[in-house]
Amino acid sequence: MSHTKNKITVLGSGTSTGIPLIGCQCKVCLSIDHRDKRLRSSLFLETRNHTKIIVDTTPDFRTQLLANNIHNLDAAIITHEHADHLHGIDDLRPFSFGPPPRDIPLFTQEKTRKIIEQRFSYIFQNGGAPNLGGGVPRLKMFDVPLNELTQILEVSDFTFFSYKHGHGETMGFHHEGFAYVVDCMELSEAQIATLKNFNLDLLIIDCLQRHSHSTHLTVERCFDYIEKINPKQAGLIHMGHDLSHRHLESLARERFGNRVFPLYDGQNLFY
Ligand SMILES: [Zn+2]
Ligand SMILES: [Zn+2]
């Protein structure tokens, strides 16, 4: 099937614990609105030329694949090494089984690549050759350059960039009028200017909660960035249980109208 636009499926829109938070009795965690059930934050991209890319392999990765009927994958992008964005990595296995067995290209920044190789060392023993009866994902690791046009398989115009996320950094990216800024504490003025200059059709950006946090954007700062970057549309992601879908939707509407909205699991967007 051919489409003239790039397609995004939101596989998860929640913060690190997922929503509901286990054991929590708050209004959002008990909500029956399906948009308040949030798996860990992740996107699935299908580009115009049919390249299929997973953005982050969360602890919910397998569930997310099954829920969205995803059975093909060409590459993975990992934004950073936090558990909620990475620890489903072993479930890349079915995509390397074949036949014939094949490597899954994984794109991330050098720092994150090194941590992945250390934390999941069992995957990389024997240079990644199957050593447990084929029981490990076969990954081909690529360090992406930052702030320059980069090719991922047949897709030529990704630009990756890195920004502050507490004491570490997250790798965001821009592709054909779409930018992804998940797990963000702060963007520099220069980064805000660069994102503005992209004249974005769609920005998906971290929007954790109302009160301040040491590693994530608050609603207030998120909205200020959206105003400065001025995308045609913005989707909010990585929400905690401080924010119901309805409430955040009304906060966004008050300030921006319908062009800014919280995302929900299973949602499709095009750019
Ligand atoms: Zn996160
Ligand atoms: Zn994080």
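The paragraphs below go through this predicted model from its overall dimensions to single residues.

The chain contains 8 helices and 14 strands. A compact globule of 271 residues would have a radius of gyration near 18 Å, and the chain, at 18 Å, agrees with that. Along the principal axes, the C-alpha atoms occupy a box of roughly 55 × 45 × 40 Å. Buried residues make up 44% of the 271.

An open sheet of 7 strands has mixed pairing and the order β7-β8-β9-β10-β11-β12-β13. Its edges are β7 (149–152) and β13 (260–262), each of which pairs on one side only. From one strand to the next, the twist averages 25°. Within the sheet, β10 (residues 178–181) and β11 (residues 202–206) run parallel and are joined by 4 bridges. Phe 178 is placed opposite Leu 202 of β11.

Helix α7 (residues 219–229) lies across β11, β12 (233–237) and β13, at about 160° to β11. In soluble globular proteins, nonpolar side chains tend to be buried together. Here the largest nonpolar core has 67 residues, and those with the most contacts inside it are Leu 203, Ile 205, Cys 207, Cys 222, Ile 226 and Leu 236. Helix α7 supplies the largest share of this core, 6 residues. Beyond its neighbours within four places in sequence, Cys 207 has contacts that include Leu 217, Val 219, Cys 222, Leu 236 and His 238.

His 238 sits in the loop between β12 and α8 (245–256). The residue counts as buried because it has 27 C-beta neighbours inside 10 Å, where 20 or more are required. Glu 176, another residue other than glycine, has a positive phi near 45°. It belongs to the loop between β9 (168–175) and β10. With 17 other C-beta atoms within 10 Å, Glu 176 is partly exposed.

Cis peptide bonds are the last topic. One joins Ile 19 and Pro 20, with omega about 5°; Pro 20 is in the loop between β1 (7–12) and β2 (42–46). Another joins Pro 99 and Pro 100, with omega about -10°. Pro 100 lies in the loop that runs between α3 (93–96) and β5 (104–108).

Methods:
Residues numbered from 1 in each chain as written. Chains lettered and ligands numbered in written order. Predicted model: local features only at pLDDT ≥ 70, side-chain atom pairs only at ≥ 80, totals over all residues. Helix = DSSP H or I, 4+ residues; strand = E, 2+ residues; numbered from the N terminus. Rg over C-alpha atoms; globule rule 2.2 N^0.38 Å. Buried ≥ 20, exposed ≤ 12 C-beta atoms within 10 Å, placed from the backbone. Pairing = 2+ DSSP bridges. Axes fitted to C-alpha atoms, helices over the stretch in contact; angles between N-to-C directions. Contact = placed C-beta atoms within 7 Å. Core = buried A, V, L, I, M, F, W, Y, C linked by C-beta atoms within 7 Å.
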